[in-house]
Amino acid sequence: MKKSSLALGAIAVLVAAWAGGTWYSGKALEQKYPEYIAFANERVTSGYNNLAHGNYHLEIKNTKLERGFFSTQIEDQVILTDLKDNSQLILPFKSTAEHGPLPLSRLTSLKLMPVLADAHSEMTEDPSISEVFKASKGIAPYSGNFSISYSGQIKQNSTIAAFDYSNEQFSINSTPIYIESDTNQEGVGLLKMRLEKWVSTLQADEFNDQYQPITVNRTLTFNDVTLDSDLSPTDFKYIPSGKQRFDIGLISVVDEATTDYSAQNVELKNIRFDYDTNVSAQFADYRLNNSVEALSVNGENFGQIDFNLNLGHLAAAELNQVVEAFSNPDLQQQQAQLNEAGLKLLQQQPTLAIQPLKLKNSAGENQLTFDLAFSKADQQAALMQGKILSLFDKLEMDANLNRQSAQMLMTSLAKLDGIENPEQYAESELNQSLEDAVQQKVLVSNDNGTNYQSKLILENGELKLNGEVIPEESIAQTLLFMFMGGF
């Protein structure tokens with residue numbers, strides 16, 4: 001047999017295999033797509049509908065699924081119904097899904113990994129959202145490219161269009177939002193998002209200086225927003241493990257000046273949420289690091305804030321039940337489930353640590369650390385009997401206060417309150433507070449009042465504050481004072 005005949009035969013076999021695979025992929029997509037819609041309504045919309053408390057209803061509906069040999073045409077609607085008057089917002093989406101295993105668009109871009117389908121989706125127009133298309137200047141407000149593997153893994157690269165729109169009550173100006181993900185059907189996997197700028201103005205109900213209701217225009221600004229999430233599924237449906245980082249360059253809230261209204265203009269710079277979840281054996285541990293580089297209110301600088309929180313030894317099965325309970329539309333059943341799962345969580349001896357909470361300005365730094373571990377005691381019985389200390393295997397808190405830093409913070413607060421001679425007022429109030437705290441042995445100072453410390457520790461079954469044992473009958477009041485008073 002000639003080599004050319006062999007080659008032609010091989011090509012024919014490959015073409016037949018590709019055609020068979022294409023037919024199979026189209027058939028599989030046609031069968032699986034209703035499952036995707038049902039899953040979305042079960043997970044995504046049910047959660048939203050529970051939060052809406054009967055005011056709104058969200059539903060995802062497939063209106064067209066037309067299978068061809070090479071591709072399938074799909075049309076879906078996201079329908080939001082206002083249950084007070086049954087008015088609806090309808091967000092239609094039109095998609096073209098090329099059948100695998102090797103869609104032509106992937107072949108031309110040399111993407112040779114077999115997939116069930118490769119799709120492009122766009123939001124289309126509906127009279128109920130005509131203003132959205134005006135804001136996007138006729139560009140599809142949402143568009144995205146997706147690929148679905150035979151195992152159900154979903155990759156996407158999507159864009160929410162830039163908006164530029166205003167009317168008498170609302171305005172928005174934004175750059176596009178870019179989203180990339182590679183997740184399973186539960187939404188667990190890689191996710192990245194970025195937004196350069198978002199500025200919107202809306203009307204807010206407030207009270208003027210005479211406590212009369214007024215409406216003010218409030219402008220919200222977000223700059224340089226990024227999300228980078230890398231999560232992996234675990235044996236617990238709602239408890240993935242991995243890392244997440246969320247950064248925002250600027251958050252600004254500015255109220256329009258009006259007569260007899262003291263606007264509260266707030267600005268936060270370089271906000272970071274850096275989270276790490278580890279699930280091993282039957283327990284989950286969370287490390288939550290949060291920071292704000294600079295906080296200012298009406299031009300008064302309150303400095304830097306760091307809040308690092310560790311939650312450890314959380315029973316993953318019970319924590320999974322807590323998250324799952326929020327999807328229960330029956331609020332009484334939901335509360336009962338939360339109470340039951342919460343008690344079981346406490347019985348597994350979880351830990352909580354603040355490492356640390358810091359307020360820092362140009363004058364100095366104030367810091368609080370806290371470390372707590374629950375015991376195996378019967379929590380309900382211990383509380384009813386007033387045996388609070390039996391709830392804990394470990395309880396320790398350290399606070400450090402810098403006088404100059406605290407005085408700067410109090411001066412800024414006094415200025416915001418419009419107090420005359422704010423520096424003098426802050427110094428006087430701080431001196432009195434520190435003097436009272438020292439007399440009550442809540443604070444101690446070893447350097448002539450430049451810095452103050454407070455240490456609360458559980459030792460040998462006794463709770464000690466700065467070395468002094470706290471009587472059993474005073475423990476609840478002391479703990480409440482320490483926790484609520486902070487520093």
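Biologist: Where is the place of Asn451?

Modeller: Asn451 sits in strand S19, which covers residues 451-459. Helices (H or I, at least four residues) and strands (E, at least two) are DSSP runs, numbered from the N terminus. This is a predicted model, in which local features need pLDDT of at least 70 and side-chain atom pairs count only at pLDDT 80 or more, while totals for chains, interfaces and linings use all residues. Residues are numbered from 1 along each chain as its sequence is written, and side-chain values use heavy atoms, with hydrogens and water left out.

Biologist: Is Asn451 buried, partly exposed or exposed, and which residues is Asn451 in contact with, leaving aside its neighbours within four places in sequence?

Modeller: Asn451 is partly exposed, at 24% relative accessibility. Buried means under 20% relative accessible area, exposed over 50%, and partly exposed in between (1.4 Å probe, protein chains only). Beyond neighbours within four places in sequence, Asn451 touches Leu401, Asn402, Val444, Ser445 and Asn446; contact here means heavy atoms within 4.5 Å. Asn366 is 85 residues away along the chain, yet its C-alpha atom is 9.3 Å from that of Asn451.

Biologist: How do S19 and S20 pair?

Modeller: Two strands pair if DSSP finds at least two bridges between them. S19 and S20 (residues 462-465) run in the antiparallel sense over 4 bridges, and Leu456 stands opposite Leu465 in S20. S20 then pairs with S21 (residues 468-469), also in the antiparallel sense, over 2 bridges. There Leu465 stands opposite Glu468.

Biologist: Which residues of S20 are on the covered face, and which on the uncovered one?

Modeller: In a regular strand the side chains alternate between the two faces of the sheet. Leu463 and Leu465 form the covered face of S20, and Glu462 and Lys464 the uncovered one.

Biologist: Which residues in these hairpins take a positive phi?

Modeller: Most residues other than glycine have a negative phi, and most peptide bonds are trans. The hairpin of S19 and S20 has 2 residues between the strands, and Asn460 takes a positive phi near 50 degrees. In the hairpin of S20 and S21, again with 2 residues between the strands, Asn466 has a positive phi near 55 degrees.

Lys137, with a positive phi of about 60 degrees, is not a glycine either. Lys137 lies in the loop between H3 (130-135) and S5 (142-148), and is exposed at 58% relative accessible area. His313 has a positive phi of about 55 degrees; its place is in strand S15, where it is partly exposed at 32%.

Biologist: Which residues does a cis peptide bond join?

Modeller: Gln355 and Pro356 are joined by one, with omega about -10 degrees. Pro356 belongs to strand S16 (residues 351-361).

Biologist: At what angle do the axes of H4 and H5 cross?

Modeller: Axes are lines fitted to C-alpha atoms, for helices over the stretch in contact, and angles run from 0 to 180 degrees between N-to-C directions. H4 (residues 316-325) and H5 (residues 331-347) cross at roughly 165 degrees, their axes coming within 9 Å. The two helices are therefore roughly antiparallel, the class for angles over 145 degrees. Glu318, Leu319, Gln321, Val322 and Ala325 of H4 make the contact with Gln334, Gln337, Leu338, Ala341, Lys344 and Leu345 of H5.

Biologist: Which residues of H4 are buried, and what covers them?

Modeller: Ala316, Glu318, Leu319, Asn320, Val322 and Ala325 are buried in H4. Their cover includes S14 (283-297), S15 (300-315) and H5.

Conventions: Angles under 35 degrees count as roughly parallel, over 145 as roughly antiparallel, 65 to 115 as roughly perpendicular and the rest as oblique.
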